[in-house]
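Good morning. Please look at the screen while I bring up the chain for today.

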Amino acid sequence: MNTPPRRVFISRVSRELGSHAEELRNALQSVEIAARTQLSFRQESDTETTLEKLSKYIHDSDVVLCLQGTYTGAFPPVSALDRPIHPAARTDRDEKTWRDLLPPSFENISYTQWEFVLSRYWQKTAFIFLASGHQPDSPKPRPEIDDLPQQQRFLNYLTSALGLDRNAFDHPDKLCRHALCSLWPQHEKDTELKKTLTRYDAKLDDILRSQKEVGGKIESGMDRGAKISRRILLSVGALTVVTVAGFGWLANRRPDRPKSIPHRGHLSVVAIMGENVPYEKAILQGFKDEFTKQAVARGYTVSIAVEDPGFGMKVKYASPDDPDAGRVWDSLMLKIHESHKQIDYFATLGTHATKAVIKSGLLSEADTKGLVYLGVTEPRTSGLINIPKVAGVQYGPGPVAYGDALDSVFKPDQNLVFLYNLGVEQDEAVREGLEKLNQRMREAGGPPERFKFTAKPHETVIEIADIALPDPANPSQSPIYFAWYGLDNILSLVENYGIIRHKHLWVVPSTYSPKNLEHAGIVISVVDDSVGKLGAGILMRKLDHPNEALDQYDVVAPPFIKWIHRSTIRANGLVATIRPELLMNESESNRDETVIVVD
């Protein structure tokens with residue numbers, strides 16, 4: 001017999017499918033497969049919530065059998081979703097809460113639904129079995145617990161959004177049959193298993209033959225009412241024998257091999273970080289999650305390796321055109337070429353990593369299918385358009401749109417100052433876009449210079465000393481600083497916390513984090529993981545249409561979002577600088593979807 005998995009987790013709502021799951025568990029144990037359910041939990045010293053126990057048990061399992069019916073079962077408390085995932089229960093180094101793992105458009109899901117989500121998080125093999133026409137253990141759902149519309153929405157998510165295959169069952173024996181055949185993909189060629197199934201076939205044939213023979217004799221000498229009663233008794237007796245047999249089935253005795261997505265091959269992706277900073281990690285996680293989900297749904301297995309040049313924030317601008325940084329990039333490219341036997345696609349984080357791969361020639365030398373860049377400031381000015389086998393995602397719709405977003409937040413007479421470094425490609429692209437916006441506003445009768453500029457030499461970094469403190473008596477003339485790089489570092493460096501706490505800095509960071517928003521009160525940026533998801537979408541389109549050329553794809557970009565923290569704005573004295581409509585309550589304004597206000 002082919003070697004089956006030895007540890008299986010059975011996911012179900014006990015009030016609906018508990019007896020089905022118990023028969024399945026007994027069936028699996030009879031062939032020496034250890035099967036667990038949520039009732040099998042024991043006390044664990046390193047877990048505190050049921051959600052954490054679920055994660056641990058699914059992590060320790062080989063396969064998850066997901067029995068889905070019409071009930072949802074209980075939901076975890078909202079407080080459990082906001083707990084950080086324990087480092088031992090994370091698939092990457094990023095700090096995350098359980099809420100980050102929820103499927104799109106779901107604010108919470110039941111424990112049984114979580115069991116499927118966690119199986120994908122831990123990249124476990126999962127088989128889905130949908131109950132239809134079955135007899136629930138509890139004939140009625142519990143309205144205070146079960147959310148039937150959400151369960152239907154979740155099933156649509158599994159079957160439509162993810163496109164996953166599934167098997168239907170209406171009886172425990174059919175469920176057992178499907179599960180065994182799923183766990184032994186080569187069951188038709190497995191002599192031992194085939195003998196086992198044949199024995200159950202013979203038992204069921206005997207039951208049905210006996211029912212027919214006895215039923216015929218009885219019917220010949222009984223009145224109609226007695227015949228009906230006898231048929232009912234015989235049917236109940238037959239069902240009892242079938243249940244005891246364990247693997248009998250009343251219909252479709254020899255179903256076809258369970259449906260499965262045809263295996264289309266393996267996809268190998270090498271992701272290359274630029275600076276390995278938080279926003280890059282968020283982009284990468286969005287890419288990994290979406291690419292894996294979409295590729296698996298299409299029948300591929302996936303591996304994503306992450307390579308990091310190791311700059312971090314030690315090197316301010318790690319361009320491959322810089323002699324010192326260029327040597328680091330060259331060394332990394334050589335390592336990648338020597339250590340990865342197959343590279344189907346590159347996913348590069350930011351402008352520098354993208355240029356380093358293109359400059360190295362690896363796109364052709366490693367015989368890759370292409371490269372998708374994630375979060376480039378301005379692909380056109382960076383020369384990334386119409387390069388063979390290259391497509392990607394811009395970090396927002398561009399510098400002009402960034403300036404428009406700033407203009408829409410602050411009053412027309414507010415002093416806005418862009419801090420940038422001379423000769424730095426990304427900074428220069430933003431400066432050019434802001435100057436175009438200045439000209440457009442002047443031509444429309446606006447201020448002569450909506451955005452002002454403060455330039456620093458190429459090799460220097462933006463520091464707290466570069467930011468003048470505001471004058472509360474003259475808020476419109478007090479500068480509000482924004483930058484494409486630099487301000488985020490000022491706000492996130494631990495050694496600056498004491499200074500920031502005692503100074504009300506009027507700054508607008510260009511990447512979002514809760515700390516940036518809490519310190520600055522305003523952030524204008526993109527939702528970082530959406531950059532990664534858009535990049536995964538580009539590669540999915542290429543997989544679905546292999547004859548299309550990546551370099552003919554349009555550049556895509558997520559919108560800029562304006563985050564506003566009202567209590568910080570009040571504490572920092574920024575209220576007088578903000579357009580008043582942005583500070584209204586939702587019910588008082590017609591705020592657009594690109595504005596997120598928190599208290």
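I will go through the overall numbers, then a sheet, the cores, and a few single residues.

This is a predicted model, in which local features need pLDDT of at least 70 and side-chain atom pairs count only at pLDDT 80 or more, while totals for chains, interfaces and linings use all residues. Residues are numbered from 1 along each chain as its sequence is written, and side-chain values use heavy atoms, with hydrogens and water left out.

First, the overall numbers. The chain has 19 helices and 17 strands; these are DSSP runs, H or I of at least four residues for helices and E of at least two for strands, numbered from the N terminus. Of its 599 residues, 51% count as buried. Buried means under 20% relative accessible area, exposed means over 50%, and partly exposed is in between, with a 1.4 Å probe and protein chains only. The accessible surface comes to about 28300 Å², and 52% of that belongs to carbon and sulfur atoms; the areas come from the Shrake-Rupley method with a 1.4 Å probe, and for residues only the protein chains shown count as cover. Among contacts with a separation of 6 or more, 75% are between residues 24 or more positions apart. A contact means heavy atoms within 4.5 Å.

Now a sheet. In what order do the strands of the open sheet of five lie? The order is 2-1-3-4-5, and the pairing is parallel. Two strands pair if DSSP finds at least two bridges between them. Strand 2 (34-36) and strand 5 (167-169) are at the edges and have a single partner strand each, so one side of each has no neighbour in the sheet. On average, neighbouring strands here are turned by 25° against each other, direction ignored. For angles, axes are lines fitted to C-alpha atoms, for helices over the stretch in contact, and the values run from 0 to 180 degrees between N-to-C directions.

Within this sheet, six bridges join strand 3 (residues 63-68) and strand 4 (residues 125-131) in the parallel sense.

Next, the cores. A nonpolar core is a set of buried Ala, Val, Leu, Ile, Met, Phe, Trp, Tyr and Cys residues joined through side-chain atoms within 4.5 Å. The largest one has 56 residues, and those with the most contacts inside it are Phe 287, Phe 291, Leu 374, Phe 410, Phe 482 and Ile 524. Helix 18 (residues 528-544) gives the largest share of this core, six residues. A second, separate core has 29 residues, including Ile 58, Leu 81, Phe 154 and Tyr 157.

Phe 482 takes us to strand 13 (residues 480-483), where both faces are covered. Ile 480 and Phe 482 on one side, and Tyr 481 and Ala 483 on the other, are all buried. In general, side chains in a regular strand alternate between the two faces of the sheet. Strand 13 runs parallel to strand 11 (residues 416-421), with four bridges between them, and Leu 419 stands opposite Ala 483. Strand 13 also pairs in the parallel sense with strand 14 (residues 507-508), over two bridges; there, Phe 482 stands opposite Val 508.

On to helix 9 (residues 278-297). After helix 9 comes Gly 299, with a positive phi near 100°. In the loop between strand 6 (265-272) and helix 9 is Asn 276, which is not a glycine but has a positive phi near 55°. Is Asn 276 buried or exposed? Asn 276 is buried, at a relative accessible area of 16%.

Last, Asp 407, which is in helix 13 (residues 399-409). Asp 407 counts as buried, with 18% relative accessibility. Leaving out residues up to four places away in sequence, Asp 407 touches Met 441, Arg 450, Phe 451 and Arg 579. On the same terms, the contacts of Phe 410 include Arg 450 and Arg 579.
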